Amino acid sequence: MLSFSTSWHHLHRPTFYILWNGCYLFAFFVGLLGGAVYVHGYKRICIDFPIIAEREFALASASVAESLGVVMADVSGLFLQACLYKINNIDGAVVPCSLLTN
């Protein structure tokens, strides 16, 4: 109960709200930038390839490349998480960390 009252008191400080809202605004802005890059990449493919068959192939290739990039990022994130778990002595990693030998 003491930790709840202490944390509740911390939540009502004005600096907490300023920092929390700043984090949300930053995340929203980064999401807008990422979406703009995504949309303009496909728009650029449509402009650069006037022949329909080439355009369809380029759009399909970009879609596959994007999906493979997401999969590679997820897999590398699993190994990074495992190494961070090992550094901080936390159990429960899905894959073993082979980079660190303690």
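Colleague: Which element of the protein chain has the lowest mean pLDDT, and which the highest?

Modeller: This is a predicted model, where local features need pLDDT of at least 70, side-chain atom pairs count only at pLDDT 80 or more, and totals for chains, interfaces and linings use all residues. Residues are numbered from 1 along each chain as its sequence is written, and side-chain values use heavy atoms, with hydrogens and water left out. pLDDT is the predictor's confidence in each residue, from 0 to 100, and elements are DSSP runs numbered from the N terminus (helices: H or I, at least four residues; strands: E, at least two). On that basis the lowest mean, 51, belongs to helix H1 (residues 2–11), and the highest, 94, to H3.

Colleague: Which cysteines does the disulfide join?

Modeller: We call a disulfide when two cysteine sulfur atoms lie within 2.5 Å, and a search of the whole structure finds one. Its S to S distance is 2.2 Å, and the partners are Cys-83 and Cys-97.

Colleague: What parts does that pair tie together, and how many residues apart are they in sequence?

Modeller: Cys-83 sits in helix H3 and Cys-97 in the segment after H3, so the bond links those two parts, which are 14 residues apart in sequence.
The link is right-handed, with 85° about the S-S bond. To repeat the separation you asked for: 14 residues.

Colleague: Is Cys-97 buried or exposed?

Modeller: Buried means under 20% relative accessible area, exposed over 50%, and partly exposed in between (1.4 Å probe, protein chains only). Cys-97 comes out at 12%, so it counts as buried.

Colleague: What residues does Val-95 touch, leaving out those up to four places away in sequence?

Modeller: Val-95 is in the segment after helix H3 (52–87). From Val-95 to Gln-81 it's 14 residues in sequence and 8.7 Å in space, C-alpha to C-alpha. The residues touched are Leu-78, Phe-79 and Ala-82.

Colleague: What kind of aromatic pair do Tyr-38 and Tyr-42 form?

Modeller: Rings of Phe, Tyr and Trp (its six-membered ring) pair if their centres lie within 6.5 Å; planes under 30 degrees apart are stacked, over 60 edge-to-face, the rest tilted. Both tyrosines lie in helix H2 (residues 14–48), four residues apart. With 5.1 Å centre to centre and 65° between the planes, the pair is edge-to-face.

Note on methods
Contact means heavy atoms within 4.5 Å.
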